[in-house]
Protein chains: 2
Amino acid sequence: MGLKDVRPGIRNEEGIGKVLGILKQSFGERFQTGQAFRDQHAHTTSYLPAQLPDGVIFVESADDVKSVVRVCAAHRVPMIPFGTGSSLEGHINAPNGGISIDFSRMNRVLEINAEDLDVVVEPGVTREQLNTELRATGLFFPIDPGANASIGGMTATRASGTNAVRYGTMKDNVLSLTVVTANGDEIRTAQRARKSSAGYDLTRLFVGSEGTLGVITSITLRLQGIPEKIGGGVCAFPSVKAACDAVIMTIQMGIPVARIELLDEMQMRACNSYSGLSYAEKPTLFLEFHGTEETVALQSAQFSEIAAEFGGDSFSYTQDAEERNRLWKARHNAYWASRALAPHLNGLSTDVCVPISRLADCVVETQADIAEHGFLAPIVGHAGDGNFHVLILFDDKDPDDVARAEDFVARLNARALAMGGTCTGEHGIGQGKMSFLEQELGDAVDLMRSIKTSLDPDNIFNPGKIFALNVQG
Amino acid sequence: MGLKDVRPGIRNEEGIGKVLGILKQSFGERFQTGQAFRDQHAHTTSYLPAQLPDGVIFVESADDVKSVVRVCAAHRVPMIPFGTGSSLEGHINAPNGGISIDFSRMNRVLEINAEDLDVVVEPGVTREQLNTELRATGLFFPIDPGANASIGGMTATRASGTNAVRYGTMKDNVLSLTVVTANGDEIRTAQRARKSSAGYDLTRLFVGSEGTLGVITSITLRLQGIPEKIGGGVCAFPSVKAACDAVIMTIQMGIPVARIELLDEMQMRACNSYSGLSYAEKPTLFLEFHGTEETVALQSAQFSEIAAEFGGDSFSYTQDAEERNRLWKARHNAYWASRALAPHLNGLSTDVCVPISRLADCVVETQADIAEHGFLAPIVGHAGDGNFHVLILFDDKDPDDVARAEDFVARLNARALAMGGTCTGEHGIGQGKMSFLEQELGDAVDLMRSIKTSLDPDNIFNPGKIFALNVQG
């Protein structure tokens, strides 16, 4: 578990000193070493303690990135790519110090290929910005991890979110990348064609590699047509098991739900209180359907029958945009609603993902663990994928409370792994889940280490993330 | 281009001699070194000259695979995994000699998880066998590369085929693998959960690695519900451009076609002649829709409007299984129909894939090249993906004809690459496309080499495929 694992690594003081001098000279005001900049670039929504970089470079082009990589490589100084800082497992911490590469000024949409349903963007483009810029084309980018994250960060952490049940995750929606590798050259992982069997899948290797293999400089994404109609609705169930059974049948019947989210009793209570709603405080599914007037009505009717079969409340859906937005706003505010249950405490957001047949078991056992230990810890999940989040409210100043939270997370992960699940469906490993990755994949992590060492022999790309190497990091 | 590149590599005679002795002693009749076995395991539907392995081992378990890998690794002898031998680019050739690992006896379906829509299989299971064994569950595995290939081979070459426009390729449908690595240990690349962001995507790294990084011992696949209704139909267009425009609009409108295949004029002539049909000998789309009675009718009607807009003949679809089977049988027999145009000649089947906006240009320019050079070379394509095949009929005994065919393939690949395409959408690189991979991805191929060297330092896993290494292969 992360809190105790986050220790400072080995700092290359001499190299760092030289790099600070060179970057200041080359980039002037675009390179910042002041405390405020350094604080901001280690501060995330993570529960993990911040570890500050030594400086922050605001890159504006792939050539800038190449220059920075060459300078840092020459002096063996770590680089930590920074998008918006919304990662949750300490991805942007700098345990060995080094340079934070801020992409907020590399935020251009470079190319929209409407006929091919793809787009090329710089890493600093955020998902909301992208969808705003796409609006006139009738296309949209569906991946929605909640936060208005950068596309670069979403790529690096293999993000997904509420729409993944229909549109897949970042792994399914990135067609190609350009990446600056350890020698400072830029490579392209694939062409723009929708599929390819040309050699190793370098695109998928970089998606989810959390900045540890190179620095992404552009991303080619698949797009979708904006649905003609969107319908949404809410349905409460007598138990988590009943809700999950409804989800399984929905998936098995091939109903192409766009979103099917599970909120547990405590989460519903938090949302009601925070958003001034009056939903039943029972396990509840939030749904969304994308299609035409006809297909949305059809899908909704099919789901309605399934819900009835498993004792769900009567399900009605709305195509009214305002009502739908209110519904999804409540869902998207789940994090803040949960935090509001105990504003004096910290929040530790963690996720696991299990085969959907085990989702009910995993959530119910987790709820029992929460109750037994008296935690405030609402659960919300991307039920169609078997992925759920627990937000544990705890006091990070109280060592006992920290230890209790750590033990809870360890039990949650062991439970998910025993059910054939993974220690993270979408947050990534970062610093927080390194020990669970070892538990999950065992010797396979050694293959990851071999790949890392072969592509980044000096361990300069985001060291200390995903796995520990023998030497440093 | 492949024909001239297929040269024998460096044979480790001493090691091979030792391994032959050890495997004979350990495996008895399950290890064969007779000419007929060796011939059969280098013979593929490829146009490339055969390069025989020194022996063939019929493995029956992952433990067998581990033993074989340990023996071969100890003596630095190549291993070439063999499924059904249907690969097209020389993947199963043994340029440095070595041991063919035949998976035909590792053909068990190990685990069906109907609620989770997944299945665990051994590599020797063929796709038709799998769908037969799945029938009672109401589920099916959609990837259909034409040949009744093995799941292991399809995984290794990142296969796709006619259904990919709706269901994706092998990269999208493999959840997890077990693989025996160079030290003879078996690793698992991922858990069975539908998504994960736990570390590097080793699953996708092995999918499409063509046996060069390890030996796959089991594959966990995603499944789909068998559609309630399947509808199919055929629609002729006045030009390739018109047919492609109809495809683009179909994709853009988000009509979830299950198959949308383009056959050019020469291919239609071949199919008519071979299958005794009387379709118009014009560029033609073959379509299939999966869904319910209602949605199939709806999709078909939507497509019908699109077809009319681009001058297509009136489109009617059928839900009659027999009529539909006749239609798709003609499509699946396209290869043999084409060969029958000139039974005395050889066939060179090659594929490229371009962004769909460029598909019409690429096909039309390729047809002009075919006409200019007087080739018999029908074209058939997975139009929804921008992927198409050319079957060049040529005389492999005539050096001039071989050179002409090679030049044609080189021009085809250069054309596709210039349009943002890839040198192979689904056949893989093997031996035949190594030079085009270099043209396509340049320095990125060096990353592949680094990964190969880090996971297989002695180059014992299917050497001489995908790229040349500096030392051998």
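Modeller: A residue is termed buried under 20% relative accessible area, exposed over 50%, and partly exposed in between, with a 1.4 Å probe and protein chains only. The model before us is predicted, so local features need pLDDT of at least 70 and side-chain atom pairs count only at pLDDT 80 or more, while totals for chains, interfaces and linings use all residues. Residues are numbered from 1 along each chain as its sequence is written, chains are lettered from A and ligands numbered from 1 in the order in which they are written, and side-chain values use heavy atoms, leaving out hydrogens and water.

Biologist: Is B:Lys66 buried or exposed?

Modeller: B:Lys66 is buried, at a relative accessible area of 19%. Its partner in a salt bridge is B:Asp63, at 3.5 Å from N to O, and B:Asp63 is exposed at 51%. A salt bridge here is a side-chain nitrogen of Lys or Arg within 4 Å of a carboxyl oxygen of Asp or Glu.

Biologist: How many residues apart are B:Asp63 and B:Lys66 in helix 4 of chain B?

Modeller: Helices (H or I, at least four residues) and strands (E, at least two) are DSSP runs, numbered from the N terminus. Both residues lie in helix 4 (residues 62-74) of chain B and, being 3 residues apart, are separated by about one helical turn.

Biologist: How many salt bridges are counted over all chains?

Modeller: The count is 70. One of them joins A:Glu122 to A:Arg108, with the closest N and O atoms 2.9 Å apart. A:Glu122 sits in the loop between strand 6 (118-121) and helix 5 (127-134) of chain A, and A:Arg108 in the loop between strand 4 (99-102) and strand 5 (109-113), so this pair ties together parts that are 14 residues apart in sequence. A:Glu122 is buried at 5%, whereas A:Arg108 is partly exposed at 41%.

Biologist: Which residue forms a salt bridge with A:Glu438?

Modeller: The partner is A:Arg449, the closest N and O atoms being 2.5 Å apart. A:Glu438 belongs to helix 17 of chain A and A:Arg449 to helix 18 (residues 444-455), 11 residues apart. A:Glu438 is partly exposed at 31%, and A:Arg449 is buried at 15%.

Biologist: What is A:Leu437 in contact with, beyond its neighbours within four places in sequence?

Modeller: Contact means heavy atoms within 4.5 Å. The partners of A:Leu437 include A:Cys423, A:Ile466, B:Ala198 and B:Gly199. A:Leu437 lies in helix 17 (residues 434-441) of chain A and is buried at 0%.

Biologist: Why is A:Cys423 too far from the closest cysteine sulfur for a bond?

Modeller: A disulfide is a covalent bond between the sulfur atoms of two cysteines. The criterion here is a pair of cysteine sulfur atoms within 2.5 Å. The closest cysteine sulfur to that of A:Cys423 is in A:Cys353, and the separation is 11 Å, which is too far for a bond. In chain B, B:Cys362 is in no disulfide either, as the nearest cysteine sulfur, in B:Cys353, is 9.7 Å away. A:Cys423 is buried at 0%, and B:Cys362 is buried at 0%. The count over all chains is 0 disulfides.
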